[in-house]
Amino acid sequence: MTIDLILFLVLSLIAVATALGMLMSRNAIYSALFLVLNFVTVAVFYLLLGAPFIAMTQITVYAGAIMVLFLFVIMLLGAESLPTAEVLPWQRPLAILLGFILAVEAVYLLITRARPAGDVLQPEAVANTMPNLRELGMVLFQNYLLPFEVTSILLLVAMVGAIVLIRREKRVP
Amino acid sequence: MVPINYYIILSAILFTIGVLGVLIRRNALIIFMSIELMLNAANLAMVAFGSIFKTPEGEQVFSGQIFVFFVIAVAAAEVAVGLALIVEIFKSKRSIDVDQMNSMKG
């Protein structure tokens, strides 16, 4: 067992456990904090895969910005825990059964049909260094410049949309 | 050296937990968090696939990472609009239980 494999197994245990904790916990604040931990674990996976830029983006954007927004809304609404009104008693077992089937099928199809042959290449020392990041930037701003600009427009539209939704409407007599 | 299949299996498991969250939980905020979890699982699969390919010259291929970058940007936009919607629904219904959201108006 190499050190990478041990790291992977421990981290994947943490990732699955925190995802389940997010799913199970009654209090929405605990769910959000579990999800932050999950995102941080996935960021470490990105480092293992030799993607340092994505790892840092994951921590700043997901674990930082997005989850802070979630926590802010949870506390704003005071919606930590809902009264549990079970309207459909068969819903939970059915959902668990369907989810299990989905997991089995997804794993089977991804492994047999996607044919991801081979190991993850050892992210060499060069993978997590500055020249590598420079290469990433070159590819992003040369080959993917148009999608990048479209993304900025998307963010602008989302911002305008959020403001319009939240704005208090003037009552027209 | 971690076989890539392990990453793919982990990604599928995380995705399934996200699906279960959407199916089981009634709190709209938790459903939203489950969607984030699903996006994250897909990102993990994409980075894992991207890391096993090299150009003939032995250079790293960045397309997978760049696509993940775009997915993160789209997720941020989605969260901004979605949370605005949830706040608005809470203002009119005083609840974010998705079972209560059964009318088109008000």
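These legends accompany several close-up views of a predicted model. Local features need pLDDT of at least 70 and side-chain atom pairs count only at pLDDT 80 or more, while totals for chains, interfaces and linings use all residues. Residues are numbered from 1 along each chain as its sequence is written, with chains lettered from A in the order in which they are written.

**View 1. Chain A is built from 6 helices and 0 strands.** Helices here are DSSP runs of H or I with at least four residues, and strands are E runs of at least two, numbered from the N terminus. Buried residues, those with 20 or more other C-beta atoms within 10 Å of their own (C-beta atoms placed from the backbone), make up 24% of the 173 residues in chain A.

**View 2. Chain B meets chain A through 61 of its residues, which touch 72 residues of chain A.** Contact means that the C-beta atoms, placed from the backbone, lie within 7 Å. H1 (4–24), H2 (28–51) and H3 (63–93) of chain B each give two or more residues to this side, and H3(B) gives the most, with 21 residues.

**View 3. The largest nonpolar core has 64 residues.** Such a core is a set of buried Ala, Val, Leu, Ile, Met, Phe, Trp, Tyr and Cys residues joined through C-beta atoms within 7 Å. H2(B) supplies the largest share of this core, 13 residues.

**View 4. Here we zoom in on Met33(B), among the residues with the most contacts inside the core.** Beyond its neighbours within four places in sequence, Met33(B) is in contact with Met22(A), Ser31(A), Ala32(A), Leu35(A) and Phe70(A). Leu35(A) is also listed among the residues with the most contacts inside the core.

How values were computed:
Two residues are in contact if their C-beta atoms, placed from the backbone, lie within 7 Å. A residue is buried if 20 or more other C-beta atoms lie within 10 Å of its own, exposed if 12 or fewer, and partly exposed in between; C-beta atoms are placed from the backbone.
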